[in-house]
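Subject: Handing over a structure, with notes on what was found

Dear colleague,

I am passing a structure on to you, and I would be grateful if you could look at it alongside the notes that follow.

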Amino acid sequence: MDPTRAFVRDVKRLIVKVGTAVVTRSDGRLAVGRLGSLVEQLQELNVQGYEVILVTSGAVGVGRQRLRYRKLLNSSFADLQKPQVELDGKACAAVGQSGLMALYDALFTQLDVASSQLLVTDNDFKDPEFRNQLSHTVNSLLALRVIPVFNENDAVSTRKAPYEDSSGIFWDNDSLAALLALELKADLLVLLSDVEGLYNGPPSDSKSELIDTYIKEKHDEQITFGDKSRVGRGGMQAKVKAAVCAATQIPVVITSGFTRDNILKVLEGKKVGTLFPTKGMLKEIVASTREISPRDMAVSARDCSRCLQSISSEERKKILLDIANALETNEAKIRAENEADVAAAQQAGYEKALVSRLTLKPGKISSLAKSIRVLANMDDPIGQILKRTEVADGLVLEKTSSPLGVLLIVFESRPDALVQIASLAIRSGNGLLLKGGKEAMRSNTVLHKVITGAIPASVGEGLIGLVTSRDEIADLLKLDDVIDLVIPRGSNKLVSQIKASTKIPVLGHADGICHVYIDKSADMSMAKKIVLDAKIDYPAACNAMETLLVHRNLLKSAGIQDIIFELETKGVRIFGGSVASEELNLPKAESFHHEYSSMACTIEFVDDVHAAIDHIHCYGSAHTDCIVTSDDEVADIFFKQVDSAAVFHNASTRFSDGARFGLGAEVGISTGRIHARGPVGVEGLLTTRWILKGNGQVVNGDDGVVYTHKNLPL
């Protein structure tokens, strides 16, 4: 849910106004498809318990089309040659009203919803008795789950003619909807238009931008209105006027009636259309959004990271310890928000594996706080002298560790990843921008608030920015002058999309196709234990085994049969390569280059260790690969020739993890060959700088300079 639309949680009664441009097609006929979609949305809201009131235009347009047709049928050829007199608008309204309501009634009846017609005129609202009775009638209808359908009774209105007279208490159906919203104490008014909302220029102009939130003081002078609606009497100017009027007491959203499910999206809190907030809401919206651009967020992270680097090691350590304490202090609040995320994910039908990754299980907050304290007590990685060289007499060069700068981390599902990444960024002196999955929005928001609340003002909470909109990612990926490294943590699709969308270096892996190769000399009891752990311990992990390679000599062995039996007993679906599928009667694998991320794997037989290495290089992802063998020479060949980030001998691939490697935590696993490789901890978030200390030396064409290039002790 967008923070600017959080008010929808309190909406019970809403009024939806649909304009003539939405109700009718360009030829004047009723747009049955759009009306059907509208009625389906209102029916769904009715079932969900909302009190729904509809204000509809379109009667005059429908009536005009019908009367023109009747007139054409009853006209002679001579009549058609005469100048055609415009049809009386009130007659059009009278004819069109019955047809419009008949269609609404038929559509609602198909969905087992009762509707009612209420025709009103401007003069009616001058009578206090009428207003009291109107409120009573509508309340009675809503209590019976009936949807009231309002329209101005143009046929008997005292106006000169529809579309001409804009005087009175209300002057069109937009202003009628605003009046009813105030009169009937609605919680929200939705005005449907033929465009997405209010733009700062003509909607047809590609340079025009949709205004998410209308602020009168800001936008009133910037907006110029074009022609009115092609068929109605008001257009966008009338809608804005009505919205401003209603927003004195209730929020209003102007959005498109052409886009499917837009009303439902508004009630889900999605940022669609233009919001006209009440004055009370405006202060909260401005405070929550702060209208900070992606560039401003990145620049703030960079500036704050420089402040972080300038403070002492002890002060940086204290920040981490304060964060650990803050997490434990706010555990109840964090758990509550996480439980709300989990409940929403379950209701939305997310896969069990995702819900599991989303859940902060009991003890997780304490575990995270403990890992942060371990990280805080590690040696300070910033400014470490890695090498000292005497360049010349009195001229000393030092190679030192240094933060990378600003990191952009895009991750899915796991809110605990936010805590790990933030603590690693602080320990390594980097600025950080975080974009988590929408399914963890509440968890990420509260964790970000707790963590940044522990960062002192001398550094600035802008050190860690939380990106809430998916649209902002595209803008951030263009900032190669500010952001120094992107680390995507998630699906193959996510990583591949990011790599293809930016000039910024990307650290990560698109696939986790890990192999276990069982050599002919392997201890089969050990091999069985390793294979089962590598596949079953956590099948969705990127370091889980996806392909089991076996030496051909073991094809008919009891040990391999036992491993296959155990895998199948544990619920693992096994697919075979060309040899294994034929020899073992297994379903054939579609591809060796496939990451199951589930209880499934591929098995294939190879001639020897060299064939296994060739297979890994051909189909693997350079993540983690393992050999099970008792022959040290074969193991040495495997170590030297397998070109993966992590290569194991007689150990499960599941050990390929930052915490298990003793890195404190990890921001991800890299299969790239530049910079960090394998599980990436603090060291992977550092680069180097050269510090040269002299006492007045100059090059001067190297005249008189005697280079010694002597290594000095650290």
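Of the 714 residues in the chain, buried residues make up 52%. Please keep in mind throughout that this is a predicted model. The chain has 25 helices and 23 strands, and it exposes about 33500 Å², of which carbon and sulfur atoms supply 50%. Among the contacts that join residues at least 6 apart in sequence, 74% are between residues at least 24 apart.

I turn next to the aromatic rings. A pair of aromatic rings is described by the distance of the centres and the angle of the planes. A search of the whole structure finds five aromatic pairs. One of them is formed by Tyr104 and Phe108, which are stacked, with 6.4 Å from centre to centre and 25 degrees between the planes. Both of these residues lie in helix 5, which covers residues 89–110, and they are four residues apart, or about one turn of the helix. An α-helix has 3.6 residues a turn, so residues three or four places apart point the same way. Tyr104 is buried, with a relative accessible area of 0%, and Phe108 is likewise buried, with a relative accessible area of 0%.

The rings of Phe592 and Tyr619 make a pair whose centres are 5.0 Å apart and whose planes stand at 50 degrees, so this pair is tilted. Because Phe592 lies in the loop between helix 23 (578–583) and strand 17 (600–606), while Tyr619 lies in helix 24 (residues 609–619), the pair ties together parts that are 27 residues apart in sequence. Phe592 counts as buried, at 17% relative accessibility, whereas Tyr619 counts as partly exposed, at 29%. A ring also takes part in a contact of another kind, for Arg34 lies over the face of Phe258, at 4.0 Å from the ring centre.

Which residues of helix 20 are buried? In this helix, which runs over residues 492–499, they are Leu494, Val495 and Ile498. They cover an arc of only 95 degrees around the axis, and therefore sit on the same side of helix 20. What the buried residues of helix 20 pack against is strand 10 (406–411) and strand 13 (485–489).

Another place to look is helix 22 (residues 558–569), where Glu566 is found. Leaving aside residues up to four places away in sequence, Glu566 touches Lys528 and Leu532. Glu566 and Lys528 are 38 residues apart in sequence, and their C-alpha atoms are 8.5 Å apart in space.

Finally, the cysteines. A disulfide is a covalent bond between the sulfur atoms of two cysteines. How many disulfides does a search of the whole structure find? The search finds zero.

With kind regards

Technical notes
Residues are numbered from 1 along each chain as its sequence is written. This is a predicted model: local features need pLDDT of at least 70, side-chain atom pairs count only at pLDDT 80 or more; totals for chains, interfaces and linings use all residues. Side-chain values use heavy atoms; hydrogens and water are left out. Helices (H or I, at least four residues) and strands (E, at least two) are DSSP runs, numbered from the N terminus. Buried means under 20% relative accessible area, exposed over 50%, partly exposed in between (1.4 Å probe, protein chains only). Contact means heavy atoms within 4.5 Å. Accessible areas come from the Shrake-Rupley method with a 1.4 Å probe; for residues, only the protein chains shown count as cover. Rings of Phe, Tyr and Trp (its six-membered ring) pair if their centres lie within 6.5 Å; planes under 30 degrees apart count as stacked, over 60 as edge-to-face and the rest as tilted. A charge sits over a ring if NZ of Lys or CZ of Arg is within 6 Å of the ring centre and within 35 degrees of the ring normal. The arc is that of the directions from the helix axis to the C-beta atoms. A disulfide is a pair of cysteine sulfur atoms within 2.5 Å.
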